[in-house]
Amino acid sequence: MEQLPVRDLATGFRDDYGRPTKDIYVAIGALILQQLHDFTDQQTTEAIALNIAWHYALDIRHNSDAYICERTLRNYRKMVLDAGLDQVLFRTLTDKLIKEIGIDTSKQRLDSTAVRSAIGGLTRPEILVEATCKFLRELKRKHPEQYSLVDPEIIRKYVTRTGDVCFGDTRPSESRKRISEAAGNVFKLVEFFQETECSTLESYQLLRKIFHEQCEVSSSGEAPVTVRPPSKTGCDGVINPADPDARYNKHRGTGYLVQIMETYDEEDSEEPDTSITPKPDLITHVAVDPLTMHDKDALTPAFDDTEQRGIKPQELLADSHYGSTECIENGNGRDVEIVAPAQTPKGKLQGKFTLEDFDVDDEGRITRCPAGQRPAETSVAGIRLQVIFMAETCESCPHKDRCPASSVGRSSVRYQYTHDRVRLRLRRMKERGDEFRDRYRWCVGVEATMSRLKYQMGMIRLRVRKMLNITYVATLCALGLNIRRVAAYRSAVG
């Protein structure tokens, strides 16, 4: 409780104006416990009022501090979000826990997981329709005089949704055919209000963004607005106007990408001492990114965050998405050894031979192919290496369909590869050894942390939307898990 940043939050209040505030320690502590237990606002206010364990945890000594309404809880949460105190809470309290327990941060592991906000999947016509409705509703609230200038037919179809052929009463099959009509209506609204004060509205900016993502303006007089085919819209566009920050990923679905880095301790003893309680693994870094972001781009922010706090790892375990040559060099430049497997070489999954299947000497030159044939000629240049095999020998080879040297369209049976590819081959060969496997086996432990966050603490499907709110929930959930683990450790050691 003493570590809570109450002074930062107290700047939003005045000593000479308004009613006395609720205990700020209680309010901030309740926000942390809310995410720790995955409570709604109603459940949180009931726990503050009736749960004696919460009274003890929040140090509630006066009856007036035990009653907080849902609106007050939301107001405090908004103040925490506006001031960015969720990150301050996580870093301050986590660093304090690491120091008090004596956690070794020299070895850590990093992974990512996908979470989904409180949105539903929409089709392309539904995206255009919902964006239009959102803009018209905000226009009606903030600029009623401009709202009165909108075509009544558009109001009927998108706002009141009454009568025939309105988008709220259209069959899915008919809705697909009417996407051009929706695109035309969006174009009219964007053009009509672009020179007015309404263009500063957040919903208008979103409507214009969606229009340019989904549609194109044509010079043809017959169809001034055309809808882009799905193959040209890209995956980095808005998938739901209710949550414009959410993105789509072919392999992970829709939502956000959460990066988690935590400490770990190797337990190599076959017969561990049961009298010694192992120290807990604590999450040291949390970041929420778009689902379209590649994992390798999360390394630099993670290093910056932990280095600034003095808990940067010396050895980092991660999966192959963090194991590119660029990532390894990034870690070496920061004195961090990244232990991660290289990605599977191209063609391996299709059953093709790769450089790993050839015999290579110390200089990177191929000495023998997988079929046992020696090259007829070998050349080494500054950028790439090349080997040429006998055409008559390769023509009768039973593996010619799998061999990269006999690719279609080449006049000779040759194979070209770069010096970087040779170094990558050497790295992959070392990863097959027991030494690498013995070091890398501890990386799988981060999956247990992901499972607890998503299924025990409710992060798999959140009740909030937008990047700022998702970051708040993910950060305090990670802090709550750290508190759980330290509490269990302190209870075990007495």
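# Close-up views: pockets, salt bridges and one buried Asn

**View 1. The second largest pocket has a volume of about 570 Å³.** Everything here comes from a predicted model, where local features need pLDDT of at least 70, side-chain atom pairs count only at pLDDT 80 or more, and totals for chains, interfaces and linings use all residues. Residues are numbered from 1 along each chain as its sequence is written, and side-chain values use heavy atoms, with hydrogens and water left out. A pocket is found on a 1 Å grid over the protein atoms alone: it is an open set of points with protein on both sides within 12 Å along at least five of seven lines, and lining residues have an atom within 4 Å of a point. Its volume is the space filled by probe spheres set on the points, which are joined across faces, edges and corners. For the second largest pocket the lining comes to 18 residues, with Ile328, Ile338, Arg427, Lys430 and Glu431 nearest the centre. Helix H14 (325-333), strand S8 (337-339), helix H16 (419-431) and helix H17 (434-440) each give two or more of the lining residues; helices (H or I, at least four residues) and strands (E, at least two) are DSSP runs, numbered from the N terminus. H16 has the largest share, seven residues. Sorted by class, this lining has seven nonpolar, two polar and nine charged residues. Here Ala, Val, Leu, Ile, Met, Phe, Trp, Tyr, Cys and Pro are nonpolar, Asp, Glu, Lys and Arg are charged, and the others, Gly among them, are polar. The second largest pocket lies between domain 2 (107-113 + 255-343 + 432-493) and domain 4 (348-428), because both give residues to its lining; the domain bounds come from an automatic or database assignment.

**View 2. The largest pocket holds about 780 Å³ of space.** Among its 18 lining residues, Met1, Glu2, Ala57, Leu97 and Ile483 sit nearest the centre. At least two lining residues come from each of helix H2 (24-37), helix H4 (52-58), helix H6 (85-101) and helix H19 (467-493). The lining splits into 13 nonpolar, two polar and three charged residues.

**View 3. Glu181 and Lys157 pair up in a salt bridge, with the closest N and O atoms 2.5 Å apart.** Glu181 is in helix H11 (residues 179-193) and Lys157 in helix H9 (residues 152-160), so this pair ties together parts that are 24 residues apart in sequence. A salt bridge puts a side-chain nitrogen of Lys or Arg within 4 Å of a carboxyl oxygen of Asp or Glu, and the count by this rule is 36. Lys157 is buried at 11% relative accessibility, while Glu181 is partly exposed at 29%. Buried means under 20% relative accessible area, exposed over 50%, and partly exposed in between (1.4 Å probe, protein chains only).

**View 4. Asp59 and Arg61 form a salt bridge at 2.9 Å.** Asp59 is partly exposed at 41%, and Arg61 is exposed at 68%. Elsewhere, Arg91, Asp95, Asp305 and Arg309 link up in a salt-bridge network.

**View 5. Asn249 sits in strand S4 (residues 247-249).** Asn249 counts as buried, at 19% relative accessibility. Its side chain reaches the backbone nitrogen of Arg252 at 3.1 Å and the backbone oxygen of Leu291 at 3.2 Å.

Conventions:
Polar contact = N/O pair within 3.5 Å; in protein donor to acceptor, adjacent residues only side chain to side chain. 1 Å grid on protein atoms, 1.4 Å probe; cavity = no way out; pocket = protein on both sides within 12 Å on 5 of 7 lines; lining within 4 Å.
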